[in-house]
Amino acid sequence: MRKKIVAGNWKMNLRLEEGMKLSSEIVEFVKNNPLDSLAGKPEVVMFTPFVHLTSVAEVIAGVKGVAVGAQNCYTEEKGAFTGEVSADMIESTGATHVLVGHSERRSYFGETDEVLAKKTEVALKNRLTPVFCCGEVLDERNAGKHFDVVKEQLHKGLFWLSEDEFSKIVIAYEPVWAIGTGVTASPEQAQEMHAYIRQIIAEKYNAVTADQTTILYGGSCNAKNAAELFANNDVDGGLIGGASLKADDFCTIIKSF
Ligand code: PEP
């Protein structure tokens, strides 16, 4: 059975003490509602700002099914790259995951598919699980190009990996028009794209790999709509932005499973 995941992307929010409070509240919830992925329950990952990683790693230490990850990493291993943070440094904090290719990184920081392929490579090399984000903008969807856009992002960003490397990847489908807008993809739209992603993974690798790949939905997923989205066969959980900043909302989303 493939892994289910509910992940929070805190983006550039929360002071350190606020992040520690939020992660403590989530840990408290998980302790009272143990996560057992074998029983179909999700793992929880908090994608925090870099400065929170070590502290949140301490808060979650020893709690089964809860992990912390970074929202980005640099393409190079180390060296004279002032202000950047390497995958190795991230791993040294206790973090286990990293977001690659969030649409905000693609659009505000000009991250190309080639850069994202490099980040994926360096993350894997440093034992981090890349959560690779893909998704079309509104014009592309309106023009009926959403499948082609996502296919190209996956081909350039991921499909050069070996089968063994690819098996360590989590994919997040995040239609850009749904991120932070309050407009969610309908359960049908999410299911349709997730099934398509699984199909092209099967074409590139094989049916078993496709079946085992965790594919998350992201884009205005919240406490009210999560259950409906997660009920779809090919939706294995969510990458949650705004609603991950409030413990109550985020825990309700975890409970949606
Ligand atoms: C995100 O940042 O990945 C995201 C899905 O944001 P939101 O849930 O706020 O739309």
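1. A pocket here is an open set of points, on a 1 Å grid over the protein atoms alone, where a 1.4 Å probe fits, with protein on both sides within 12 Å along at least five of seven lines; lining residues have an atom within 4 Å of a point. A volume is the space filled by probe spheres set on the points.

2. This is a predicted model: local features need pLDDT of at least 70, side-chain atom pairs count only at pLDDT 80 or more, and totals for chains, interfaces and linings use all residues. Residues are numbered from 1 along each chain, and side-chain values use heavy atoms, without hydrogens or water.

3. The second largest pocket has a volume of about 310 Å³. Its lining has 16 residues; Lys3, Ser167, Ile169, Val170 and Thr214 lie nearest its centre.

4. The largest pocket has a volume of about 490 Å³. Of its 18 lining residues, Met12, Gln71, Glu104, Arg105 and Phe109 are the closest to the centre.

5. Cys221 is in none; the nearest cysteine sulfur, that of Cys133, is 14 Å away. Cys221 is buried, at 4% relative accessible area. Cys251 is also in no disulfide, with the sulfur of Cys221 nearest, 14 Å away. Cys251 is buried, at 8%.

Terms used
Disulfide = S-S within 2.5 Å. Buried < 20%, exposed > 50% of the residue type's maximum accessible area, 1.4 Å probe, protein only.
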